[in-house]
Number of protein chains: 2
Amino acid sequence: MQLKLQHFDIKIGQHKVMFNTADAKELGVNPGDRVRLRGHESISAIVDTTEDMVEQGTLGVFTEVYEHLEPGWDKPVEVFPALRSKSGAVIKKMMDKQHLTREDIYMVVNDVVEENLSDIELSAFMTASYIHGMSDDEIEWLTRAMIDTGDTIEFDTHPVMDKHSIGGVPGNKISLLVVPIVAANGLMIPKTSSRAITGAGGTADLMEVLSEVEFTSQEVKEISEKVGGALVWGGATNIAPADDKLIRAEYPLSIDPYCQMLASIMAKKGAIGAENLVIDIPTGPGTKVANVQEGQKFARDLINLGHRLGMNVECAITYGSSPIGRTVGPALEVREALKALESFEGPNSLIEKSAALAGILLEMGGAAPRDHGKELAMETLRNGKAFAKMKEIIEAQGGDPNVSPDDIPVGQYTANICASADGYVIEFDNKWIVEIARLAGAPNDKGAGVRIHKKLGEAVKKGDPILTVYAEKEFKLDTALVTAQRSNPIVVEGMLLRRVPGGTFGFGG
Amino acid sequence: MQLKLQHFDIKIGQHKVMFNTADAKELGVNPGDRVRLRGHESISAIVDTTEDMVEQGTLGVFTEVYEHLEPGWDKPVEVFPALRSKSGAVIKKMMDKQHLTREDIYMVVNDVVEENLSDIELSAFMTASYIHGMSDDEIEWLTRAMIDTGDTIEFDTHPVMDKHSIGGVPGNKISLLVVPIVAANGLMIPKTSSRAITGAGGTADLMEVLSEVEFTSQEVKEISEKVGGALVWGGATNIAPADDKLIRAEYPLSIDPYCQMLASIMAKKGAIGAENLVIDIPTGPGTKVANVQEGQKFARDLINLGHRLGMNVECAITYGSSPIGRTVGPALEVREALKALESFEGPNSLIEKSAALAGILLEMGGAAPRDHGKELAMETLRNGKAFAKMKEIIEAQGGDPNVSPDDIPVGQYTANICASADGYVIEFDNKWIVEIARLAGAPNDKGAGVRIHKKLGEAVKKGDPILTVYAEKEFKLDTALVTAQRSNPIVVEGMLLRRVPGGTFGFGG
């Protein structure tokens, strides 16, 4: 069928064309079917139909398809019904809990990266992954397919060290300490990180306060080879690009299928050729891992997958029920991290955790003897070598190496949330802390966030500030405060939980 | 946040708006989140983001959302982040195999009908339905929700009779006989039907050869009350509109979740107040029901669901491995059906099956004593009363009551597919018959289709025509023939399956 083209100047994340219903009937295709367009090259596209958006004889073409045509293409194209996507058949197999082959998985991942799956297919893939999971073989193939469909980096320096934290803990700024500690001891650690999607700041959002974070894979290599470490946003490289596309379905469904989570973590590490990897697995309410038992299973699966990929993996199951350090939000967190680097001052939870994780890497990389890694990490912080290395990294990434923690601007609009009674902080909801920081503007407003004065179990007096909320815009501060007051994320009570009246005990009545 | 509006003049089947990425960050929303727009009314919409399709400060608005604004609205709107859709939480529950409440199910169905679900959510709903299924309670609520979110018809005449065939058998034109037989005996049967999606012609596609088929619910009532029967396209009414929206996800995934299939059938019957319903369940390879055991389970579930809805249901498990009658494709099938009505001439499979199904309805409605329904149905065909009633229905629906089967035009381009050897038809693939009819142009080209000269088990001589393919367009005939030859859907062999050479019997070697 010959059809004129009408360009819809909209990217919709999939290769889609819009038929007039009459043309679709004539061609015998339905919404969700595939067609091939033969212009100067042959393009596959997903069919949608409309009664009135395009006239009969005309094909509406969204930007993803249009970009495959020669610039200024205005001739009609020949349109043919095409076979169903083979990925569709693979997704159906998954729904039916049949085993997939290596080829099956490569086909789907390839179509994900090429935006050849419709949202409906992508969602079915993620839903079936969530419900049925995958075998060890399938997860390995998924990981390898995610590596192979993106950029990879081959470093000249070895071993390549890396670190990953499973999300879910507010204020988990430890990469800003771990990376310079490790690099200061002569081990190369080219760390790619994510931006926050539901959090108040990912490592990339934090580092962006200090320097550029968007680099190509080649630039990441150059920076790392030069100064021994990098702290960059993975999304700017083309490393494991499938991952970002899958989030398109995961995020709206509020799911993070276990097999996809394993593959996503390990693909990013595999693509940069990581040889020694430490993974921080925070556990507890509000994190992605409910308890230590689940954390151990997760650790075993990560270590096993690493083994299949030729990667040496160690995991640290960490306490995740409370924020790390006392700040949440990009600028506040960076201040806290820099202060710890500069003067070895700061919350125990931040320094202890960072040194413990860095210590494991120092041992894995041979920079410290077994059981002496943490000691070396603490020493590297104390003697200023980690801070000096951090300055080198900041400079290599185009930032100001002489930045001082107190120079970093934070939101000018602040308010305290205070204890309503004497007592102890007995409940502390991580998710609400993040929500308040987000409502105040984090992570987009770098200066927005929350400073935590009192953590779980600490004693407070009536009127003591428990949190300070920071915002760059007054209306965002107001919104955050309204939510903070309504939701009451922190409960203060005296240690006496309930007073039982003495004298007579009555039943009923 | 105040944003100017830019109208994208495209319907995309969901309430969606497009943010510039910077605005989305500033507002703290991600693709798949919900926002509320406050123009002259408050509208909920699904967020998508773009780097360059809309400028910062501008919101791209697709037609579904735009239509909620006053005509010509050109003022900015106030945009707020909104809570996640509650349906999203219900879909998550389904994925986790938790039981749903009545309210849960009504919420999702309502959002399906209102196009408040994204394709990603819709697909997850259908995928989870397919994998986990639903309890009897959930299926009942799903059915009731599908009824309550559309039009219903209350007839003055009772009982209301109805008939449904599960799909999958080519040439299943029996409604064209069943409806007039039943109506000719004084029972009202207002039959709504579907158009073919993957088939060569649904009852609505067939009836359209003879008359209009697109009527409102009110018109369906008037026609049925007047002449006792109707044969209309359900899609033109607003009866159980959720069903058509769900197909948007079912079709591309090639799934038809069992719970959704039950609900979809029964909702359409419940919405017109059917009191006595017969359901034809074709079984065998190529149909939706693999064998008689599955057919019996299906029958029990339909009868049980009917009972819950106050509907009297009987099921007929029928032979589905071979086409009904000898024609596939709208005009050819209508010719065959009219000929059977006019002169009681035609294939046994068509007349027998139609009379059997009609007979059950005649007994259920009290027009025939138990075990005498089929006899009465045959008599109604033989004495011309069914044909007379069919003419009344055609006329009531705006068609020509004096139509003669031979007047109905069929495709002018024809070709025979002939036996390559003497023998018997030992394989006959229903799906390929349908595929050939579709490639020849059915159901859109009414005159396209296939006439079957030899069915499974029949004897043929070399060169005998097995099929005749009809097309309205020569190139479609060619396409169909190429496929027919390549795929060889019909295998002819002599009865001697293998000749064992006599004399000596050797083992091995």
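Biologist: Why is Gly167(B) called partly exposed?

Modeller: A residue is buried if 20 or more other C-beta atoms lie within 10 Å of its own, exposed if 12 or fewer, and partly exposed in between, with C-beta atoms placed from the backbone. Gly167(B) has 19 C-beta neighbours inside 10 Å, so it counts as partly exposed. Please keep in mind that this is a predicted model, where local features need pLDDT of at least 70, side-chain atom pairs count only at pLDDT 80 or more, and totals for chains, interfaces and linings use all residues. Residues are numbered from 1 along each chain as its sequence is written, while chains are lettered from A and ligands numbered from 1 in the order in which they are written.

Biologist: Where is Gly167(B), and what does Gly167(B) touch?

Modeller: Gly167(B) sits in the loop between S7 and helix H7 (175-184) of chain B. Helices (H or I, at least four residues) and strands (E, at least two) are DSSP runs, numbered from the N terminus. Leaving aside residues up to four places away in sequence, Gly167(B) touches Gly199(B) and Lys288(B). Contact here means that the C-beta atoms of two residues, placed from the backbone, lie within 7 Å.

Biologist: What makes Asp371(B) exposed?

Modeller: Asp371(B) has 9 C-beta neighbours inside 10 Å, so Asp371(B) counts as exposed. Asp371(B) belongs to the loop between helix H14 (348-364) and helix H15 (373-382) of chain B. Its phi is near 70°, a positive value in a residue other than glycine.

Biologist: Which peptide bond in chain A is cis?

Modeller: The bond from His158(A) to Pro159(A) is cis, with omega near -5°. Most peptide bonds are trans. Pro159(A) is in the loop between helix H6 (136-148) and strand S7 (161-165) of chain A. In chain B, the bond from His158(B) to Pro159(B) is cis, with omega near -5°.

Biologist: How do you know that S7(A) is largely enclosed by the rest of the structure?

Modeller: Five of the five residues of S7(A) are buried, so the strand is largely enclosed. Both of its faces are covered: Met161(A), Lys163(A) and Ser165(A) are buried on one side, and Asp162(A) and His164(A) on the other.

Biologist: What makes S7(A) and S10(A) a pair?

Modeller: Two strands pair if DSSP finds at least two bridges between them. Five bridges join S7(A) to strand S10 (residues 276-283) of chain A, and the two run parallel. Within that pairing, Ser165(A) stands opposite Asp280(A).

Biologist: How many residues does each chain bring to the contact?

Modeller: Chain A brings 35 residues and chain B brings 35 residues. On the chain A side, H5(A) supplies the largest share, nine residues. By class, that side has 16 nonpolar, ten polar and nine charged residues. Ala, Val, Leu, Ile, Met, Phe, Trp, Tyr, Cys and Pro count as nonpolar, Asp, Glu, Lys and Arg as charged, and the others, Gly among them, as polar.
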